[in-house]
Amino acid sequence: MQIEKYTVDELNHQQAAKHQLKFEGVAVDIKNIEEVLQKLSVFNIAIPSWALGTGGTRFGRFSGGGEPRSLEEKIEDVGLIHALNKSSNSISLHIPWDIPENAASIKALAAQNGLHFDAVNSNTFQDQKDQKLSYKFGSLHHVDKAVRKQAVEHNIEVVKYGKQLDSKALSVWLSDGSNFPGQLNFRQAFQNTLESLQEIYSALPDDWKVWVEYKPYEPNFYSTTIGDWGQSYLLSSKLGPKAQTLVDLGHHLQGTNIEQIVSLLLMEGKLAGFHFNDSKYGDDDLTVGSINPYQLFLIFNELVEGMDARGMDHATSIGWMIDASHNVKDPIEDLLQSVQAIKIVYAQALLVDKKALVAAQNNNDVALAQEILQQAYRTDVRSLVSEASLRNGGALNPIEAYRKLQIREHLIKERGLKTVATGL
Ligand code: RM4
Ligand code: MN
Ligand code: MN
């Protein structure tokens, strides 16, 4: 299905007067309001193809109705999200969950929905049907050269698909690690991984990047070969300028200061981008901003400060993507909530009084520094996000519009109640 623009306009119209009042109330205190709105309106967050179906855990999966049954229907779903929020103009494919059999028609369909293709993701953490060698004991780090070769070739094939779709980055997440002490020689595992990544790196087109993601545990519970940002940074530095470190918010141990990691990676020009989600215990894959919105704000504060320091374009110079698994919510609602949560903290980070903060830092005025950050964080910027969406032709309140337009009900009618999407 496609959303008729007039239906969104009608809903906006019903809320216009109330919105205007709220917006003016906030805007009056913001000197550079037009600049903030302009930045918000060009800021987009990619949607991964594996997040459009209901996710599960190893204990079970409770699928919702009307889930996309094919890549085409996944693109359609991202098109719906984008039509409502005007902030999700790209899709990131996971291969082989979503192989574009006919790249030209897939590209055309995406373009019809106002979308392009973000990074392509390889998958060497599962064995596929008819796969010759198993990844049970790892892929790029494997002790057996033949397994490493198979995994390298898979990554190169993923790049080939990505080239057909005009993607510009390969995102690599390995589950490689060890489950018990003594299982692995850490140095050997690292060297093997480096060598494998070097082969992939040398097959990358000049205008491509490889994003190296880290994760401390799961599915291996003793060690992960790319376990933290230091190990990823080490690999990406040894690989060269086309390699960078990808930060997934859920891939940190409790209490890790992610904003500090972000700040230093940006300083070194090594921050590839983000996988957004939220967590309370580990890689919980919860909706971004649902558990710890203040931390998300602090991360965005570092992002804005660090990107400005290097003259980087906020919207395009690093990759922004949601990476979450929606087990009990409607995935589209969850994704709409996620994008809103990100835009809210981005808007708040844009409101931080940078000059005053620098002065407070230089005076060791700790209380004032905190006040300055919290002044921005405690500003209710939801009407700014709504205004940016409105100006782009999106909905003032995307989730409300999704419900009022009964989109899930339409999808169930079209696709049926019992559909299962590929993915997590
Ligand atoms: C991993 C990691 C990767 C994602 C897979 C599906 O935990 O976050 O980015 O591709 O899950
Ligand atoms: Mn991830
Ligand atoms: Mn993850």
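Start by selecting the two manganese ions: ligand 2 and ligand 3 sit 4.1 Å apart. Before you click further, know that this is a predicted model, where local features need pLDDT of at least 70, side-chain atom pairs count only at pLDDT 80 or more, and totals for chains, interfaces and linings use all residues. Residues are numbered from 1 along each chain as its sequence is written, chains are lettered from A and ligands numbered from 1 in the order in which they are written, and side-chain values use heavy atoms, with hydrogens and water left out.

**Stop 1: the manganese ion (ligand 2)**

Show the side chains of Glu213, Asp248, His275 and Asp323. They are the protein donors of the manganese ion (ligand 2), through OE, OD, ND1 and OD in that order, at 2.1 to 2.2 Å. Donors here are N, O and S atoms within 2.8 Å of the metal (3.2 Å for Na, K and Ca); water is not among the atoms, so sites may look incomplete.

What arrangement do the six donor atoms around the manganese ion (ligand 2) make? It is octahedral, because their angles run from 72 to 165 degrees. (Six donors count as octahedral if opposite donors are over 155 degrees apart and all others between 65 and 115.)

Now trace these donors along the chain: their spacing is E-x34-D-x26-H-x47-D. His275 is in strand β12 (residues 271-276), while Asp323 is in the loop between β13 (319-322) and α10 (331-350), so this pair, 48 residues apart, links distant parts of the chain. Strands (E, at least two residues) and helices (H or I, at least four) are DSSP runs, numbered from the N terminus.

Buried or exposed: which is His275? His275 counts as buried, at 3% relative accessibility, and Asp323 counts as buried at 10%. Buried means under 20% relative accessible area, exposed over 50%, and partly exposed in between (1.4 Å probe, protein chains only).

**Stop 2: the manganese ion (ligand 3)**

Move across to the manganese ion (ligand 3) and select His251 and Asp283. Its protein donors are His251 (NE2) and Asp283 (OD), lying 2.2 to 2.7 Å from the ion. His251 lies in the loop between β11 (243-248) and α8 (258-267) and Asp283 in the loop between β12 and α9 (293-309), so the pair ties together parts that are 32 residues apart in sequence. His251 is buried, with a relative accessible area of 5%, and Asp283 also counts as buried, at 16%.

**Stop 3: ligand 1**

Select ligand 1 next. Which residues come nearest to it? Of the 11 residues around ligand 1, the answer is His94, Glu213, Asp248, His251 and Asp323. (A residue is near a molecule if one of its heavy atoms lies within 4 Å of it.)

Draw some distances to oxygen atoms of ligand 1. From a polar side-chain atom of His94, it is 3.0 Å. From an N or O atom in the side chain of Glu213, it is 2.7 Å. From a polar side-chain atom of Asp323, it is 2.8 Å. Taken alone, ligand 1 exposes 290 Å², and the protein buries 94% of that. These accessible areas come from the Shrake-Rupley method with a 1.4 Å probe.

**Stop 4**

Go to Asp77, in helix α3 (residues 71-85). Asp77 is buried, with a relative accessible area of 0%. The side chains of Asp77 and Arg415 are joined by a polar contact of 2.8 Å. Such a contact is a pair of N or O atoms within 3.5 Å; within protein, one must be able to donate a hydrogen and the other to accept it, and residues adjacent in sequence count only if both atoms are side-chain atoms.

**Stop 5**

Most residues other than glycine have a negative phi, and most peptide bonds are trans. Zoom in on the bond from Ile95 to Pro96: it is cis, with omega near 15 degrees. Pro96 lies in the loop between β4 (90-92) and α4 (103-112). Another cis peptide bond joins Glu218 and Pro219, with omega about 5 degrees.

For positive phi, select Asp130, near 70 degrees, in the loop between β6 (120-121) and α5 (145-164). Asp130 counts as exposed, at 73% relative accessibility. Finish at Asp285, where phi is near 60 degrees. Asp285 is found in the loop between β12 and α9 and counts as buried at 14% relative accessibility.

Key. Tetrahedral: all angles 85-135°; square planar, octahedral: opposite > 155°, others 65-115°.
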